[in-house]
Amino acid sequence: MTDGADLKQHIQDFELPPAPAEAPAEEAQEAEDPSAAYRQELLARAHAHLRELGDVLKAENEAVLKLDTPALERFADIKESLFIRLSALEEAAHAQQVALMGSGSALEEEIRALTADVQKSAEENLRLLKDLGSAVQKVAALHARAVENVNSEGLYSAAGRNLRAAELSPAGMKLEL
């Protein structure tokens, strides 16, 4: 049989509160840094906004290639809204003196990869929109030239010149008798 002192020691050990289990590194860091939870929230929102921006840029690129010009205004509004939201996140982090990047977390790495993807889509988007703008300008110039040619009095006319759109309007007509 065990003696009384040994039994007393077992009872005391049983009554002691259990030793706290060691928290994972991220939880320990959050306990030390109260702004860590806020930082994680901002990073998660930034990640969501960047993902949405990448999707919008890709959809807009497809619309440009399909010449779906009515959709372009909607895409411009969505992109503007996303840029405003991302700027607000950055301003909120700055106001609270929270560094969004720099801890090397997995979410940061995802954001870096996502940012690179968004950058590529944005560069393609800019190129496609410039090309579309150039094409629209060329078509407009061709249309204006065609209108001028239709309204031409011809080489052997009394004036020997082409009439421009302003000359065909009532404001450009010579009404003197």
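**How H3 and H5 meet**

Modeller: Helices H3 and H5 run roughly parallel to each other. Bear in mind that this is a predicted model. The call on direction comes from the crossing angle: the two axes cross at roughly 25 degrees, and anything under 35 degrees counts as roughly parallel. At their approach the axes come within 9 Å, with H3 covering residues 36–65 and H5 covering residues 106–150. As for the hand of it, H3 goes past H5 in a left-handed crossing. If you sort the residues of that contact by type, you get 15 nonpolar, seven polar and eight charged.

Ala122 belongs to H5. With a relative accessible area of 30%, Ala122 is partly exposed, because it falls between the 20% and 50% cut-offs.

Now bring in H4, which spans residues 70–95 and holds Lys79. Lys79 has a relative accessible area of 13%, so it counts as buried. What does a buried lysine do with its side chain here? The side chain of Lys79 makes a polar contact with the side chain of Glu60, at 2.6 Å. Setting aside neighbours within four places in sequence, the residues in contact with Lys79 are Leu53, Val56, Leu57, Glu60, Asn125 and Leu129.

Most residues other than glycine have a negative phi. Leu67 is exposed, too, because its relative accessibility is 58%.

Stepping back, the protein has six helices and zero strands, which reads along the sequence as α-α-α-α-α-α. Of its 177 residues, 21% count as buried, and Lys79 is one of the buried residues. Take the contacts between residues at least 6 apart in sequence: 67% of them join residues at least 24 apart.

How values were computed: Residues are numbered from 1 along each chain as its sequence is written. This is a predicted model: local features need pLDDT of at least 70, side-chain atom pairs count only at pLDDT 80 or more; totals for chains, interfaces and linings use all residues. Side-chain values use heavy atoms; hydrogens and water are left out. Axes are lines fitted to C-alpha atoms, for helices over the stretch in contact, and angles run from 0 to 180 degrees between N-to-C directions. Helices (H or I, at least four residues) and strands (E, at least two) are DSSP runs, numbered from the N terminus. Angles under 35 degrees count as roughly parallel, over 145 as roughly antiparallel, 65 to 115 as roughly perpendicular and the rest as oblique. A crossing is left-handed if the near helix is turned anticlockwise from the far one by less than a right angle, and right-handed if clockwise. Ala, Val, Leu, Ile, Met, Phe, Trp, Tyr, Cys and Pro count as nonpolar, Asp, Glu, Lys and Arg as charged, and the others, Gly among them, as polar. Buried means under 20% relative accessible area, exposed over 50%, partly exposed in between (1.4 Å probe, protein chains only). A polar contact is a pair of N or O atoms within 3.5 Å; within protein, one must be able to donate a hydrogen and the other to accept it, and residues adjacent in sequence count only if both atoms are side-chain atoms. Contact means heavy atoms within 4.5 Å.
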